[in-house]
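Please study the sequence and the structure before reading each solution.

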Amino acid sequence: MSKGTVNKVILIGRLGADPEVRYVPSGEAVANFNLATNQSFKDREGNWKETTDWHRVQIWRNRAEFAKQYLHKGMRVYVEGRIQYREWQDQNGVKKYSTEIVATDLQIMESQGSRPAQEDTGSEVPDLEAPNTQDQAPEEDVPF
């Protein structure tokens, strides 16, 4: 852990497409996908507007294999990780920049019945339960 600094991101959003998985020369899997998050607000005229932010997510090793097998376009997922900025030059010498989330945790946020239809791959998808929110204190009981 770095002394006195934190780089942590938590996102809950929907996949814009199925994850793209590739393998680096060492054999490790890396999955990339885009995650959409939405924000609603009222404009000056009092009309509700919604904006969508797209986040590029990268996840490695066994979590990449999990993403390849279970994640599909439109699914709502929880992603936790860190922000990474990259800079490089393309073949024409033009500087390119990228901001991505390097995920360390990934969870599906929907029950099996609400997932988009998918092809039968012959493997069982485990049943997922919604988080238990009954044990949480109501908002007015929060001590801050």
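**Exercises on charged residues**

Arginine 14 has a relative accessible area of 42% and is therefore partly exposed, a class lying between buried (under 20% relative accessible area) and exposed (over 50%), with a 1.4 Å probe and protein chains only. The model is predicted, with local features needing pLDDT of at least 70, side-chain atom pairs counting only at pLDDT 80 or more, and totals for chains, interfaces and linings using all residues. Residues are numbered from 1 along each chain as its sequence is written, and side-chain values use heavy atoms, leaving out hydrogens and water.

**Exercise 1.** Determine which residue forms a salt bridge with arginine 14.

*Solution.* 
1. A salt bridge requires a side-chain nitrogen of Lys or Arg within 4 Å of a carboxyl oxygen of Asp or Glu.
2. Glutamate 110 meets this criterion with arginine 14, their closest N and O atoms being 3.1 Å apart.
3. The partners lie 96 residues apart, arginine 14 in strand 1 (residues 9-15) and glutamate 110 in the segment after strand 6 (95-108); strands are DSSP runs of E, at least two residues, numbered from the N terminus.
4. Glutamate 110 is buried, because its relative accessibility is 11%.

**Exercise 2.** State whether glutamate 100 is buried or exposed, and identify its salt-bridge partner.

*Solution.* 
1. Glutamate 100 has a relative accessible area of 4%, so this residue is buried.
2. Its partner is arginine 86, with 2.9 Å between the closest N and O atoms.
3. This pair joins strand 6 to strand 5 (residues 76-89), across 14 residues.
4. Arginine 86 is partly exposed, because its relative accessible area is 38%.

Definitions and conventions: Helices (H or I, at least four residues) and strands (E, at least two) are DSSP runs, numbered from the N terminus.
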